[in-house]
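Subject: A structure for you to explore

Hello! Here is the structure I promised to pass on to you. Please open it beside this email and look up each residue as you read.

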Amino acid sequence: MAFFAWPEGSVVHEGFCNDTYRLSDEATAVLRALQASGPSDVHALASASGAAPTRVTELLQELQGLGLVGPC
Amino acid sequence: MLRLGELDRAGLGRMLRSGLPLRAGPFVFRVRSPMRAVRDAIATLYADATLAPDAGFHDFHVEVRPVRGLRRWIGPQVQFYVDGTAPFLPLPAGNAYAFLEWGMNWCVAGRAHHALLLHAAVLERGGRAVVLPGEPGAGKSTLAAALMLGGWRLLSDEMAIVDLAGDRIHGMARPVNLKNASIDLVRRRWPDAVFGEVFADTHKGTVSHLRPPAGTMPRAAEPAAPGHIVFPRWSAGAATSLQPLARGDAFMRAAGCAFNYSLLGRAGFLALGALVSASDCWAFEYAELDQALAAFEGLAA
């Protein structure tokens, strides 16, 4: 996976399917937090990204649906 | 280095029969044609182009020649060849030169996968490029012609050739292909501009080619650094509007204008991401060319 995160939004490339996604700002924040921390949990990601834990859970599910993250 | 304009028509005709080694940015086309109309169009529109060494390497061997048989007499047609094969159906003989130009674009779009290829005009001032991606009808060639005649250096009216590092943009600096109402619009505004023949009733409507100003073609191999990515949209009666565009949105729109983004996979993603990162991104709507030029002066400042 490769991604570019700009202040005005981010894009992600998923290599297996050669798909490109445009992510929302809040999904970008979670993804950046995850990339910085490595394997993590909802509360740590919520703290790092500034989103509520319930929202982080939803975003992780969306990112998992895109194949960008997975449970560990 | 020999300039094409130094050849007389007879000499150019001889070279076209054996193969004219025409430089176009990073590429060399070996162009062949026995047709006088093709020779005269090249003499007019490529007078400032430089020729490559005859014995050197040629990226594309292209040829436009009449279709043989009954078509010599009834509804004459021409065929375009690249490396000896004919990828298209023939066109009416009167469209021979336009066919050559379309064919040359096709060669690069379909084969030059060492770079990211965007369907975009590219101009440069002060070493920084303005990339104008757009679907047909967005007004990018008209805007490119206006900017070129307004003092910007033309790299391409059709295709941005982006290094995979995303840090250099190349063009081919060939004649600008104008269509339909744009032809008269540019003629009226710049009456000294040199146009080639007008081709009516092509699959793109009426088409004519505009010669780049002197000095453009000899610099065709000189790339530019990223500066701005501007998505133009011509709209009748619209007020001129240049609005910042989020890079995420600019990326997705530019990817949609690429010839080979998906083919390049991760390398294409990284190239486009680097280009977008290094550029300011804008959405531009315009109706009047002079107002458009004024808006772009602000970008060059």
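To begin with, is G110(B) buried, partly exposed or exposed? G110(B) is partly exposed, because its relative accessible area is 44%; buried means under 20% relative accessible area, exposed over 50%, and partly exposed in between, with a 1.4 Å probe and protein chains only. You will find G110(B) in helix α3 of chain B. From G110(B) to A181(B), 71 residues apart along the chain, the C-alpha atoms are separated by 29 Å.

Some ground rules before the tour. This is a predicted model, in which local features need pLDDT of at least 70 and side-chain atom pairs count only at pLDDT 80 or more, while totals for chains, interfaces and linings use all residues. Residues are numbered from 1 along each chain as its sequence is written, chains are lettered from A and ligands numbered from 1 in the order in which they are written, and side-chain values use heavy atoms, with hydrogens and water left out. Helices (H or I, at least four residues) and strands (E, at least two) are DSSP runs, numbered from the N terminus.

**The sheet in chain A**

Three strands of chain A make an open sheet in the order β1-β2-β3, with antiparallel pairing; two strands pair if DSSP finds at least two bridges between them. At the edges are β1 (2–6) and β3 (19–23) of chain A, each pairing on one side only. From one strand to the next, the twist averages 10°. Between β1(A) and β2 (residues 9–14) of chain A there are five bridges, in the antiparallel sense. If you look for A2(A), its bridge partner in β2(A) is H13(A). As background, strands of a sheet pair through backbone hydrogen bonds, either parallel or antiparallel.

**Strands in chain B**

Now move to β12 (residues 195–202) and β13 (residues 205–210) of chain B, an antiparallel pair with four bridges. A hairpin of two residues joins β12(B) to β13(B). T202(B) stands opposite G205(B) in β13(B), and V198(B) stands opposite S208(B) in β13(B). Strand β13(B) also pairs with β11(B), again antiparallel over four bridges. There, V176(B) stands opposite L210(B) in β13(B).

A173(B), in the loop between β10 (169–170) and β11 (176–179) of chain B, has phi near 45°, a positive value in a residue other than glycine. N180(B), in the loop between β11 and α5 (181–189) of chain B, has phi near 50°, also positive in a residue other than glycine. A173(B) is buried, because its relative accessible area is 2%, whereas N180(B) is partly exposed at 42%.

**Aromatic rings**

How many aromatic pairs are there over all chains? The count comes to 15, where rings of Phe, Tyr and Trp (its six-membered ring) pair if their centres lie within 6.5 Å; planes under 30 degrees apart count as stacked, over 60 as edge-to-face and the rest as tilted. One of the pairs is Y97(B) with F199(B), stacked at 6.5 Å centre to centre with 25° between the planes. This pair links distant parts of the chain, with Y97(B) in helix α3 (residues 96–111) of chain B and F199(B) in strand β12 of chain B, 102 residues apart. Y97(B) is buried, as its relative accessible area is 2%, and F199(B) counts as buried at 2%.

Another pair, F251(B) and Y261(B), is edge-to-face, at 6.1 Å centre to centre and 80° between the planes. F251(B) is in helix α6 (residues 247–256) and Y261(B) in helix α7 (residues 261–264) of chain B, ten residues apart. Both F251(B) and Y261(B) are buried. Ring pairs link F4(A), W6(A), F251(B), Y261(B) and F269(B) into a cluster.

Charges meet rings too: R65(B) lies over the face of Y81(B), 4.0 Å from the ring centre. The rule is that NZ of Lys or CZ of Arg is within 6 Å of the ring centre and within 35 degrees of the ring normal. The charged end of R253(B) sits over the ring of F231(B), 4.5 Å from its centre.

**Two packed helices**

Finally, α6(B) packs with α8 (residues 266–277) of chain B at an angle of about 135°, their axes 10 Å apart. Axes are lines fitted to C-alpha atoms, for helices over the stretch in contact, and angles run from 0 to 180 degrees between N-to-C directions. Helices α6(B) and α8(B) are therefore oblique to each other, since angles under 35 degrees count as roughly parallel, over 145 as roughly antiparallel, 65 to 115 as roughly perpendicular and the rest as oblique.

Happy exploring!
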